[in-house]
Structure formats: C-alpha cells, structure tokens
Amino acid sequence: MNVPVLNLRGITKSFGSVSALESFNLAAYEGEVHALVGDNGAGKSTAIKIITGLHQADEGVVEVLGSPLPHRRSPASLSEHGISVVYQDLALVECLDIATNLSLGGLPRRFGMLDRRRMHKDAQTVLGDLKVRVTDVSTAVGLLSGGQRQIIAIARAVRLNKPLLLLDEPTAALGVQETAHVGEIVDQLKADGKTIVCISHDLEFVFQHADRISVLRLGRTVASRRTEDTTRAEIVGLITGAIRPDEGAVA
Ligand SMILES: Nc1ncnc2c1ncn2[C@@H]1O[C@H](COP(=O)(O)OP(=O)(O)OP(=O)(O)O)[C@@H](O)[C@H]1O
Ligand SMILES: [Mg+2]
C-alpha cells in the first residue's frame, strides 16, 4: 500500500473537561476524496484544526507523506507542508474585497507596491477557471451572500494548488446548483491527483463524491468504509450510535 498523504494516529484532544477527540485515526491517500462525517460536536472541526496547527493535540501524531509534522507549528506554515484549508467559519476578511481575499498570503507586488491590476486579473482568472460568476472582484466580501463567500473561500484554497486540501462543510451555505458546482471542483481536484479531506453533513454529496467515509462519534473513529462498500443507512446508524462501532476501530 502507498504511504498515506495524510495520516493521523492516536490523536487525543481535550478542552478543559470536554474530550473532543480520543485516539482518532485517519489515513487519506493520493487521489482520494475522504469524507469525515459525524454529528454536531463529534470532533470533526477539531481534527481539521489539529492538522492545520490551530490546535495542538494532547497526544498522537500527524504525518504528511510519512513525515511527522512538528508538534508546534504555526497555521501560517501550512502551505510549506503542502496543505490548504477551508475552515467551517471561512476566515475571510470581510472588509477587504474579493481579489484581496483571494491573494492573502501572496499579494503580488510591483516596484515594492501592491500590484492591484495583477491581483484583479489573477482573481478573475482563478474564478473563471472555477466557473464562478462574480461581476466585480473589487466587491467587499462582507457584501456577499453566505453561499458566495463559501465559493470564494474554496477558490482561495484551490488556488494555492497544494497536494492536500481540507474542506470543513464546503456546501453548508450553498444552494443545489452551487453544491453541484463544488462537487465538480472536488471531482476535478481528485482527477488531478490531489487528496481531499472533506467534512460534510450532506450525505448525498458525500456518497456522490467520496471514495471513503470515516465516521466520528463522540470524538472516536467508529468506522471507515469505502463508499462502494456501505450504504446511507449504515452511515446514519454509525453516526447516531444505532449501529455498533467496528471491532478495533475504537482504540
Ligand atoms: N476552542 C474550544 N474550546 C472549548 N471547547 C471546544 C473548542 N472547540 C471545540 N470544542 C468542543 O469540542 C467538541 C467537538 O467540537 P467540534 O467543533 O470539533 O465538533 P464538530 O464535529 O466540528 O461539530 P459541527 O458538526 O457542529 O461543526 C464539542 O463538544 C465542542 O464544544
Ligand atoms: Mg465543525
């Protein structure tokens, strides 16, 4: 078997008396869409934040292509490790325009000054490539609808062109058409050989686009299935606890 692009082993994390993750494991491979599902509060976003370095795990290791990431690392160093992320709360800067938001972390400069023209052109190209219709990239993100913001946040992460993309609820605020569009983007990234870890409550989306589904319940991995080997009924049962976890899945 290949080395996983992302491998989390024995991740444990508590916030005071709240145990968010307990011996959480996840392995995602090249060219794979790996869905992470579970009820509210199951620990999904915490897992993403541990990968990105926003939170530090109490125990366990995060490996990228077989190398452990440093225990203490800044979220700003994420790109160097080949990872881009769209957080559940998006983390866009509302008072800045679309083009600036898309370029944050890599603003184009010319003669030491911000190259606004290039920034706008880049933004149009990125959005055009992703078939996102935006009339004016100088519109402040704070003026966009929730769904439009979500697409901009996804575009920003895709633009970084990293081997591993983490998406936390990418379709939560989206209508039917935009959800399908995000699905197309995910399929394209997968076809390009990227690894996508995608948290979603939308089981229709998950069953349509994921190769593997891992279920988190009360901070523990209860099962991991290839999508073709499972059903929605089984996944729902694993999420709610109506179906018992796999032997050995809970460490
Ligand atoms: N910064 C924090 N401080 C204290 N408790 C936290 C913090 N972040 C998460 N928690 C707690 O950890 C548990 C897991 O939260 P997490 O956000 O990871 O859940 P989730 O699976 O992403 O849920 P949702 O589907 O609602 O987004 C919850 O009980 C939550 O209250
Ligand atoms: Mg969450």
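The model is predicted: local features need pLDDT of at least 70, side-chain atom pairs count only at pLDDT 80 or more, and totals for chains, interfaces and linings use all residues. Residues are numbered from 1 along each chain as its sequence is written, ligands are numbered from 1 in the order in which they are written, and side-chain values use heavy atoms, without hydrogens and water.

The ligand first. Around ligand 1 there are 13 residues, each with a heavy atom within 4 Å of it. Among the closest are Asn-40, Gly-41 and Lys-44. By class, 4 of the shell are nonpolar, 7 polar and 2 charged, with Gly counted as polar. Helix H1 (44-52) and strand S2 (18-28) each supply at least two shell residues; the largest share, 3 residues, is from H1. Helices here are DSSP runs of H or I of at least four residues, and strands are E runs of at least two.

Now the polar contacts, meaning N or O pairs within 3.5 Å. A polar side-chain atom of Lys-44 is 2.7 Å from an oxygen atom of ligand 1. For His-201, again through a polar side-chain atom, the distance to a ligand oxygen is 2.9 Å. The protein buries 64% of the 630 Å² that ligand 1 exposes taken alone, by Shrake-Rupley with a 1.4 Å probe.

Next, H5. Which residues of H5 are buried? They are Thr-179, His-181, Val-182, Gly-183, Ile-185, Val-186 and Leu-189, where buried means under 20% relative accessible area (1.4 Å probe, protein chains only). Just after H5, Gly-193 has a positive phi of about 90 degrees.

Conventions: A polar contact is a pair of N or O atoms within 3.5 Å; within protein, one must be able to donate a hydrogen and the other to accept it, and residues adjacent in sequence count only if both atoms are side-chain atoms. Buried means under 20% relative accessible area, exposed over 50%, partly exposed in between (1.4 Å probe, protein chains only).
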